[in-house]
Amino acid sequence: MQYFPLFIDTVNLNVLLVGAGDVASRKLALLTRTEANIHVIAPQVNTEVRHYADAGRILLSVREVVHADIQNYDLVYLATANDDLNAELATLATARGIWVNAVDNPAFCRFITPSIVDRGRLVVAISTAGAAPVFARTIRSRLEASLPQSLKPLFDFVADRRVEVQDKLDSTSKRRLFWERFFDTNGDRFDNRTLEHYQNAFDSLVSRGEILLLDDSTQVDLLPLAAMPLLQRLDCIYSQDKLSTELTEMVRRDANRAELPALSEVSKAYDQGMRLLLVADTPKINQLKAHFPMAKHLRPGAI
């Protein structure tokens with residue numbers, strides 16, 4: 001993974017954008033949706049950039065950029081039509097410890113801006129590490145079609161009630177179970193039944209244990225789609241050997257990991273309402289199936 005994805009808090013973030021043409025306008029269209037402080041420097045300014053300045057959203061300096069400008073910023077975007085100038089300023093910014101993005105020149109980028117699907121508090125970022133931005137846009141169009149606009153007010157609703165849930169439910173596991181039940185019944189809608197689903201989710205918060213079995217020889221990319229939500233809700237993963245990279249990418253990242261314990265320990269965890277994945281060789285899986293008839297065996301094409 002060449003580029004590690006991060007979401008940066010833009011409150012009090014100081015951003016410099018050098019250039020004020022069409023490319024810079026496209027960057028500003030995204031940056032001005034954040035809470036960052038934005039300074040634009042350019043000798044010539046197009047109508048869109050001027051509009052942001054007239055509205056008071058950006059600080060605009062209509063002049064040539066100088067080396068002294070490249071300091072006291074958190075991020076610098078270079079979007080001039082002069083590739084040599086962009087490279088020169090990018091090198092300077094990097095030397096001064098400032099993260100820089102030289103538009104259309106990955107060799108001089110300390111970071112890149114991904115393609116984004118924006119649903120308010122829900123933001124999905126897509127990147128091909130600069131290799132295929134056209135395909136990233138294709139993925140974005142698919143996500144735009146599949147993620148409804150109702151997610152924006154829904155997540156505002158959820159954010160407004162997180163403190164109430166924390167006050168009413170005294171453990172992380174209960175809170176997680178509450179939100180799982182809320183989203184299971186409400187889905188991605190925000191309508192006149194959302195509040196009802198929220199209130200009903202407080203009822204009967206008794207977690208049911210779950211045991212998933214997976215033969216370590218199974219090709220995980222052949223598992224049915226129905227297995228994916230189950231793998232994302234795990235509390236603990238027990239395995240005979242180290243998990244494969246492919247499986248690690250599919251399971252809940254903050255689930256506890258441990259070696260396969262005694263059957264009594266598995267039974268105890270299950271009785272406590274934990275969701276478990278047991279990964280082992282074929283003989284051990286057969287033994288576990290016999291001992292835990294309620295377990296779900298994950299196999300290609302079936303659960």
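Reader: Where is the place of A132?
Author: A132 sits in the loop between β7 (122–126) and α4 (133–146); helices (H or I, at least four residues) and strands (E, at least two) are DSSP runs, numbered from the N terminus. Bear in mind that this is a predicted model, where local features need pLDDT of at least 70, side-chain atom pairs count only at pLDDT 80 or more, and totals for chains, interfaces and linings use all residues. Residues are numbered from 1 along each chain as its sequence is written, and side-chain values use heavy atoms, with hydrogens and water left out.

Reader: Why does A132 count as partly exposed?
Author: Buried means under 20% relative accessible area, exposed means over 50%, and partly exposed is in between (1.4 Å probe, protein chains only). A132 has 29% relative accessibility, so it counts as partly exposed.

Reader: What makes D118 and R33 a salt bridge?
Author: The term asks for a side-chain nitrogen of Lys or Arg within 4 Å of a carboxyl oxygen of Asp or Glu. In the pair D118 and R33, the closest N and O atoms are 2.7 Å apart, so the pair qualifies. The two come from distant parts of the chain, 85 residues apart: D118 is in strand β6 (residues 115–119), and R33 is in the loop between α1 (22–31) and β2 (37–42).

Reader: Is D118 buried, exposed or partly exposed, and which is R33?
Author: D118 is partly exposed at 30% relative accessibility, while R33 reaches 53% and therefore counts as exposed.

Reader: How many salt bridges does the structure hold?
Author: There are 17. R176, D235, R252 and D254 are linked by such bridges in a network.

Reader: Which side chains meet E180 in a salt bridge?
Author: R233 does, at 3.4 Å from N to O, and R275 does too, at 2.7 Å. E180 belongs to helix α6 (residues 172–186), and R233 lies 53 residues away in the loop between α8 (227–231) and β9. R275 is in strand β11, 95 residues from E180.

Reader: Why is E180 called buried?
Author: Its relative accessibility is 14%, so it falls on the buried side. R275 is buried as well, at 11%, whereas R233, at 28%, is partly exposed.

Reader: What order do the five strands of the open sheet take?
Author: They run β10-β9-β11-β8-β12, with parallel pairing. β10 (256–259) and β12 (296–298) are at the edges with a single partner strand each, so one side of each has no neighbour in the sheet. From one strand to the next, the twist averages 25 degrees.

Reader: How do you know that β8 and β12 pair?
Author: Two strands pair if DSSP finds at least two bridges between them. Three bridges join β8 (residues 210–215) to β12, so they pair, and they run parallel. L212 stands opposite K296 in β12.

Reader: Which strands does helix α10 touch?
Author: Helix α10 (residues 263–271) packs on the sheet and touches β8, β9 (236–239) and β11 (275–280); contact means heavy atoms within 4.5 Å.

Reader: Why is I8 called partly exposed?
Author: The relative accessible area of I8 is 48%, so it is partly exposed. I8 lies in the segment before β1 (14–18).

Notes:
Axes are lines fitted to C-alpha atoms, for helices over the stretch in contact, and angles run from 0 to 180 degrees between N-to-C directions.
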